[in-house]
Amino acid sequence: MNGSDSLQTLLEVIPDARDGLTRTERIILHVLHETQRELNGRNVPTAMLYGRVLEYVDMSEAELHVYLDRLGVKGDGL
């Protein structure tokens, strides 16, 4: 692993001093917000959110659920 890879990994996991969010959490919230706007405020299906988040971050579906739980994003239980 070279220096730029380890720096990128470090930036992924360290919370930002401004709001306490990691880069990944910020991306998830941004994608969620944009998708909600496209759907006129309706709930965003997790599968749709996952597909869109994958365009920015490589993660498993289980990892996305961990992030969503940490961020307090709740589904409708379906």
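From the N terminus on, the elements run α-α-α-α, that is, four helices and zero strands. Helices (H or I, at least four residues) and strands (E, at least two) are DSSP runs, numbered from the N terminus. This is a predicted model, in which local features need pLDDT of at least 70 and side-chain atom pairs count only at pLDDT 80 or more, while totals for chains, interfaces and linings use all residues. Residues are numbered from 1 along each chain as its sequence is written, and side-chain values use heavy atoms, leaving out hydrogens and water.

| Property of the protein | Value |
|---|---|
| Box of C-alpha atoms along the principal axes | roughly 40 × 25 × 20 Å |
| Accessible surface (Shrake-Rupley method, 1.4 Å probe) | about 5600 Å² |

The largest nonpolar core has 14 residues, of which Ile28, Leu49, Val53, Met59 and Leu64 touch the most other members. Such a core is a set of buried Ala, Val, Leu, Ile, Met, Phe, Trp, Tyr and Cys residues joined through side-chain atoms within 4.5 Å. Helix 2, helix 3 (46–53) and helix 4 each give two or more residues to this core, and helix 2 gives the most, with four.

Not counting residues up to four places away in sequence, Met59 touches Thr24, Ile28, Tyr50, Val53, Leu54, Leu64 and Tyr67 (contact means heavy atoms within 4.5 Å).

In the contact of helix 2 with helix 4, Thr24, Glu25, Ile28 and Leu29 of helix 2 meet Leu64, Tyr67, Leu68, Arg70 and Leu71 of helix 4.

How values were computed: Buried < 20%, exposed > 50% of the residue type's maximum accessible area, 1.4 Å probe, protein only.
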